[in-house]
Amino acid sequence: MGSEVSRNKWLTWQLFKRDFFAIYRQSFMGFLWAFIVPMVSVGSFIVLSNAGLFQIGHIDVPYPIYAILGMAFWQLFSMGLIASTNSLVLAGSMITKINFSKKSLVIASVGQSVISFAVQMGLVCLLFVYFRRMPDPAILLMPLLMLPIILLTLGMGFILSLLNGIMRDTGSVITLLMTFLMFLTPILYVRPSSGMLAAVTSYNPLYYLISSMREMILTGTISEPLGFALSTALSMAIFAISLVIFHLTETRVAERI
């Protein structure tokens, strides 16, 4: 499977370029959407906090840095998962006419979220300059820090893209679920210390992956290393199992699309 993915690097790159230009070709705002979406979400939480309707919690860094950094990692996951879930269905006509590795479609779709992530990290760098703060040198480990969440996104994307080929409602459900999950995961606020949300967060691997990466960039440390290690192991297991399942079933994808 690894050699197959390696052999199809050129095809994956071509599919990535096709999707990339298709997204921005007829968009007036273009890359600005990568800034607008997280800023609107962060602005909503600031308004709710100032109105006394929501408690963000105590944060040692300026809130825009904390929130935009969390949103960048969250959207790396959510945008990648939504795009990969729809990748096979959107390429239906090509799949029925040409025999090629369907893994390339899923991998190329996740690549779009990596570009958006890079744009948002540029905004984070500008915020560091504006607030006269310095990120920890661990920010240089960014490609390594991104790996667990990319593996989780790809793993879930492989399975959900197959399910979406069978039940087209899957794509719509995942889009709705991402909004709900974003508010359920402490990305724009500090993890509560008690209550139902605190208990739910204890079993949420996305919380450990996102908060640990954010902590590494802000402080160079991880406050919950066990949770991060278990979440990373879970991401690797989901990726490996999903890749095997996708490899064994992709030859029958054309029958379902």
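What follows is a short chat about reading a few features of this predicted model.

Me: Let's start with the overall build. How many helices and strands does the chain have?
Reply: The chain comes to 12 helices and 0 strands. As for what is tucked away, buried residues make up 46% of the 257 residues.

Me: Next, pockets. What does one do to find empty space?
Reply: The general idea is that rolling a probe the size of a water molecule over the atoms shows where empty space is left. In this structure, the largest pocket holds about 400 Å³ of space.

Me: Which residues lie nearest the centre of the largest pocket?
Reply: Those are His58, Ile59, Tyr66, Glu215 and Leu218, out of 17 residues that line the pocket. By class, the lining has 8 nonpolar, 5 polar and 4 charged residues.

Me: And which helix gives the most to that lining?
Reply: Helix 10, residues 205-218, with 5 residues. Leucine 218 has its place in helix 10.

Me: Is leucine 218 buried or exposed?
Reply: Leucine 218 has a relative accessible area of 19%, and the cut-off for buried is under 20%, so leucine 218 counts as buried.

Me: Now salt bridges. What can side chains of opposite charge do?
Reply: They can pair when their charged atoms come close. This structure holds 1 salt bridge. Glutamate 224 forms a salt bridge with arginine 191, and the closest N and O atoms are 2.7 Å apart.

Me: Where do glutamate 224 and arginine 191 lie?
Reply: Both are in loops: glutamate 224 between helix 10 and helix 11 (225-249), arginine 191 between helix 8 (169-184) and helix 9 (196-201), so the pair ties together parts that are 33 residues apart in sequence. Glutamate 224 is partly exposed at 24% relative accessibility, and arginine 191 is partly exposed too, at 23%.

Me: Last one, the surface. Which residues make a nonpolar surface patch?
Reply: Look for Leu141, Leu144 and Leu147, which make a patch of about 280 Å². Leucine 141 sits in the loop between helix 6 (103-130) and helix 7 (142-166).

Me: Why does leucine 141 count as partly exposed?
Reply: Because its relative accessibility is 41%, and partly exposed covers what lies between the buried cut-off, under 20%, and the exposed one, over 50%.

Note on methods. Residues are numbered from 1 along each chain as its sequence is written. This is a predicted model: local features need pLDDT of at least 70, side-chain atom pairs count only at pLDDT 80 or more; totals for chains, interfaces and linings use all residues. Side-chain values use heavy atoms; hydrogens and water are left out. Patches are made of residues with over 30% relative accessible area and no salt bridge: like charges are joined within 9 Å, nonpolar side chains (Val, Leu, Ile, Met, Phe, Trp, Tyr) within 5 Å. Accessible areas come from the Shrake-Rupley method with a 1.4 Å probe; for residues, only the protein chains shown count as cover. A salt bridge is a side-chain nitrogen of Lys or Arg within 4 Å of a carboxyl oxygen of Asp or Glu. Helices (H or I, at least four residues) and strands (E, at least two) are DSSP runs, numbered from the N terminus. Buried means under 20% relative accessible area, exposed over 50%, partly exposed in between (1.4 Å probe, protein chains only). On a 1 Å grid over the protein atoms alone, a cavity is a set of points where a 1.4 Å probe fits but cannot get out, and a pocket is an open set with protein on both sides within 12 Å along at least five of seven lines; lining residues have an atom within 4 Å of a point. Grid points are joined across faces, edges and corners, and a volume is the space filled by probe spheres set on the points. Ala, Val, Leu, Ile, Met, Phe, Trp, Tyr, Cys and Pro count as nonpolar, Asp, Glu, Lys and Arg as charged, and the others, Gly among them, as polar.
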